[in-house]
Amino acid sequence: MTVQSVVREVCAVVGVREPAGSIFVLSTQDRTAWEMVQLANEMSQRIAYNTREWQNFRKLATLPGDGTTSAFDLPADWQRMLKTSEIYSTAQPTLPLTFVSDPDEWLVDEMNGYTEPGGAWTIYGNQIHVRPTPPVGTQLKFWYLHKNCVALTSGGYGDTFLADTDVFRLPERLLKLGMIWQWKANKGGTYAEDIANYEDALSTVAGSDKPAPILVGRVNLSVAANQSYPFLTPSAPETPYP
Amino acid sequence: MSNRSLPHYRAFRRFAAPGQVQMQVIPKTLPAPLRGLVLNENDTFMRPAAALVLDNWFPTDNAIRLRGGTQTWTRLGVTGTPDNRPVVSMFNYIAGTTKRMFAANDTTLNDVTAAGTFGVPVAIPITNGNFSTATLATSGGVTYLVAVNDAGDPVLRFNGTSWVSLDLGSIVSWANDTPYAIGAIAKDTDNSIWRCLVAHTSPASGTFAAARAANPTHWSNAPADGASWITGPVGSPVIAGEGLTQVWKYRGRLFFIQGGSMNAWYLPVNAVGGALEQIPLSGAFTLGGSLLFGCAWSVSAGDGIDDKCIFVTTEGEIAIFTGTNPSDAVNWRQEGRYQITRPLGKNAWTRVGGDVLIATADGIVPISQALTKDIGTLEFSAITASIHPMWMKEMLAKRHLPWTMCKWDEYGGLGALFVTWPGGASGDLRCGVVNTNTGAWCRITGWDAMCFTTLNGVMFFGTQAGRIMQADIGGYDTITDGADVDQRMPYTASYVGGWEMFGSPPNTFIARQGRCQFRTRAIEPFIPQITCATDYVYEPLPPPPEVGGDPGLAEVWDQGLWGDDHALPFPIPGDPADGMRFDQLAPPRPNTRTTMWVSIGETGYAHAPIVQVQINQASKPDVEILNISFIAEQVGVAI
């Protein structure tokens with residue numbers, strides 16, 4: 001399966017003639033095919049970035065300390081941190097560095113010469129800033145979600161489709177169903193059934209993307225358990241949209 | 001501390017937006033532009049079935065059809081000496097089963113009846129190629145074609161076999177002791193004209209009459225074609241049958257116009273030769289100029305159908321006469337004088353039914369309308385009223401060349417009137433076409449038509465490069481390049497429909513998708529392109545789409561090859577059910593009857609559909625557009 005075959009399957013459903021040749025054409029040549037490619041890019045990124053922290057797209061970053069550098073460039077394929085990511089230092093592997101989310105707090109701490117006991121980090125200017133400066137020999141490590149959701153025919157990975165034979169790195173059925181409902185919505189069609197099909201498929205694929213959490217009673221024992229609130233938590237509300 | 005609860009899938013599930021906030025779209029289907037080009041309606045409130053551009057789509061009675069291509073029939077010149085001067089006029093000769101077609105440039109007249117590399121030049125020098133012709137069968141049973149040109153060269157006459165030039169201009173009196181070659185012309189003292197049949201030297205003494213009596217086989221008083229000379233009164237400009245620029249037939253007589261004058265001339269009844277008699281017409285007109293052409297016009301004046309003789313001047317005045325004998329005051333009278341705008345050439349008229357259509361600077365005007373309307377309102381009755389702006393543009397650009405019209409009854413099985421918009425450089429070659437059933441106009445581009453004529457139900461035209469082209473054949477145009485080589489060229493059919501408001505002119509709309517439906521034969525691999533113009537601007541048109549594949553010659557009469565004509569090896573015969581009984585493979589499944597929904601994505605308060613097809617294939621395309629549908633989203637008014 002390739003992005004070209006996905007587009008063709010979508011065309012068959014949404015009442016559009018399948019592109020006879022390449023789907024990579026100028027909008028002036030074949031606006032339909034051009035829109036299909038744009039939608040394939042949008043929907044594949046939406047699935048990859050916005051729906052779940054897919055195991056396939058999790059990646060470990062390592063920042064080497066040299067005793068002078070305190071600001072590290074983000075990895076080139078960085079999309080975002082995982083929702084629960086922390087930065088760990090080899091100098092003290094049991095506790096993560098404290099994340100300072102507020103820029104003013106980071107500034108005040110710096111001006112006061114204050115450093116969190118386990119070290120602190122923040123993020124701005126596409127760089128991770130760490131305090132105190134990691135000494136030589138230490139490594140900072142963290143998980144992030146990378147953005148390369150497409151396997152390129154030309155080699156390697158990318159975040160958009162560039163050729164007919166490029167492949168989406170998650171199940172392509174998900175991409176197909178996503179494109180179908182969004183295309184119909186874009187064209188003013190009725191898409192309630194299609195979005196339901198897509199959401200069902202998304203739930204199923206997402207559910208099998210990572211082993212189910214092991215629950216004892218109602219307290220989860222995942223790796224995150226060491227930081228979890230030690231009492232029962234109320235369920236999230238089940239109100240459907242809106 | 002960050003939130004470490006597990007994602008709750010139920011809460012994240014998306015649902016379709018409620019109906020009232022979903023996109024609301026309007027479907028709309030537009031018919032094919034059966035009204036053809038319509039350039040004289042308000043853009044915002046155009047009625048359906050109109051087109052703003054209709055290039056190479058011909059409006060039939062129920063759809064629009066892609067035109068066929070052109071192929072070189074023959075060309076002027078002879079082997080080794082091609083003649084690429086423009087073809088100025090073409091005409092044909094039809095008598096019983098004898099059918100011939102002729103084309104003239106400014107130096108030679110050519111028989112172009114047969115397809116081939118070159119036509120056959122007629123060995124009579126001419127100095128102008130803009131001919132006017134008339135056919136008349138004499139009581140002797142021979143059908144003659146009489147041809148005169150703008151230069152007033154000696155009258156040419158064709159009897160179905162050979163041409164003669166009735167050249168009396170260099171005539172000299174017969175003399176004694178003079179050698180005469182075959183064909184030499186001599187005048188006797190009684191002004192009779194004689195043609196030498198046997199080479200000889202005249203007697204040293206005696207009269208011409210005595211010499212003829214002594215050798216009856218030496219001289220004949222008729223031209224080689226057996227009919228009489230055409231002579232004018234002594235002292236008149238047409239005494240030698242020269243200076244005549246236009247000829248037509250009215251009530252059994254040939255009428256002529258003396259070029260640059262207000263004088264018309266006529267011959268005896270049922271005669272293609274004889275003494276010309278004058279019809280002075282200067283008193284019949286008031287605006288000056290000179291006579292341009294004349295013709296017969298059938299009309300009912302309330303007392304039955306009558307045949308009138310009309311004379312038209314270069315200034316657009318029309319004098320209408322009736323009667324059978326101009327020399328008889330009782331039997332010849334003027335019935336009226338009317339005014340139209342200036343005609344665009346002496347052959348820029350044609351007869352449709354009993355009426356006569358004249359191409360003028362204001363459009364094509366039926367004479368019947370000229371009688372009842374003032375010149376100022378006549379253009380509204382012109383059959384070109386719907387394309388008036390286009391007509392004026394072409395007229396201003398190309399009126400320096402003579403225009404012609406040709407009615408092709410067989411075209412497309414419907415009948416059409418073709419108008420040359422002659423001349424122009426490559427990319428500027430056009431002609432106008434109107435469906436004679438519906439009056440719907442379209443335009444053909446890429447045809448370098450200087451003049452049209454039909455023969456055996458097929459239309460031909462002459463080009464600026466001296467080619468005779470067969471029209472509407474095959475699926476490509478043949479265009480002469482700068483190196484005088486005929487090249488196979490694709491052509492593009494472009495249709496821009498009338499402006500569509502989707503029922504609400506004040507609103508802005510987004511045309512989301514379009515779909516065009518066609519009627520085609522099974523094997524027609526064309527690739528249509530649908531786009532949309534917005535807000536009253538449609539030029540420049542989008543680049544044309546790719547050419548579809550070439551299915552080869554179709555298995556239809558006159559196109560499919562079989563027997564010895566077919567290239568070897570023959571395909572292996574297959575199951576007759578597969579369509580392989582003949583020499584070609586089974587046609588593929590028809591694949592383009594509808595474009596299905598194509599993304600448009602154009603925003604504006606007026607939309608005009610654009611459908612383009614580029615053709616380059618062996619067989620004539622068989623493609624008709626039936627309709628175009630749109631899905632449009634109504635956006636708002638005050639945006």
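Student: How far does helix α5 (residues 192-207) of chain A reach from its first C-alpha to its last?

Tutor: This is a predicted model, in which local features need pLDDT of at least 70, side-chain atom pairs count only at pLDDT 80 or more, and totals for chains, interfaces and linings use all residues. Residues are numbered from 1 along each chain as its sequence is written, chains are lettered from A and ligands numbered from 1 in the order in which they are written, and side-chain values use heavy atoms, leaving out hydrogens and water. Helices (H or I, at least four residues) and strands (E, at least two) are DSSP runs numbered from the N terminus, and the expected span of a helix is 1.5 Å times one less than its number of residues. For the 16 residues of α5(A) 22 Å is expected, and the reach from the first C-alpha to the last is close to that, at 22 Å.

Student: Against which helices do the buried residues of α1(A) pack?

Tutor: The buried residues of α1(A) are A:Val3, A:Gln4, A:Val6, A:Val7, A:Val10, A:Cys11 and A:Val14. Their arc around the axis is only 160°, which puts them on the same side of α1(A). Counting contacts as heavy atoms within 4.5 Å, these residues pack against two helices of chain A, α2 (31-50) and α4 (172-186).

Student: Which residue just after α1(A) takes a positive phi?

Tutor: Helix α1 (residues 3-14) of chain A should span 16 Å with its 12 residues at 1.5 Å a residue, which agrees with end C-alpha atoms 16 Å apart. Just after this helix, a positive phi of about 75° is taken by A:Gly15.

Student: Which element gives the most to the lining of the second largest pocket?

Tutor: On a 1 Å grid over the protein atoms alone, a cavity is a set of points where a 1.4 Å probe fits but cannot get out, while a pocket is an open set with protein on both sides within 12 Å along at least five of seven lines; lining residues have an atom within 4 Å of a point. The lining of the second largest pocket has 46 residues, with A:Gln29, A:Asp30, B:Ile527, B:Pro528 and B:Gln529 nearest its centre. Two or more lining residues come from each of α2 of chain A and β46 (529-534) and β47 (598-604) of chain B. The element that gives the most, with six residues, is β46(B).

Student: Between which strands of chain B does B:Pro540 lie?

Tutor: The peptide bond joining B:Glu539 and B:Pro540 is cis, with omega about 5°. B:Pro540 lies in a loop of chain B, between β46 and β47.

Student: Between which strands of chain A does A:Pro132 lie?

Tutor: A cis peptide bond, with omega near -5°, runs from A:Arg131 to A:Pro132. The loop that holds A:Pro132 lies between β7 (127-131) and β8 (139-146).

Student: What is the relative accessibility of B:Arg251?

Tutor: B:Arg251 is not a glycine, yet its phi is positive, about 50°. The residue sits in the loop between β23 (244-250) and β24 (253-258) of chain B. B:Arg251 counts as partly exposed because its relative accessibility is 30%.

Student: Which residues does B:Leu281 touch, not counting residues up to four places away in sequence?

Tutor: B:Leu281 is in the loop between β27 (277-280) and β28 (291-300) of chain B. With a relative accessible area of 1%, B:Leu281 is buried. Beyond four places in sequence, B:Leu281 touches B:Met262, B:Ala264, B:Leu291, B:Phe311 and B:Phe321.

Terms used:
Buried means under 20% relative accessible area, exposed over 50%, partly exposed in between (1.4 Å probe, protein chains only). The arc is that of the directions from the helix axis to the C-beta atoms.
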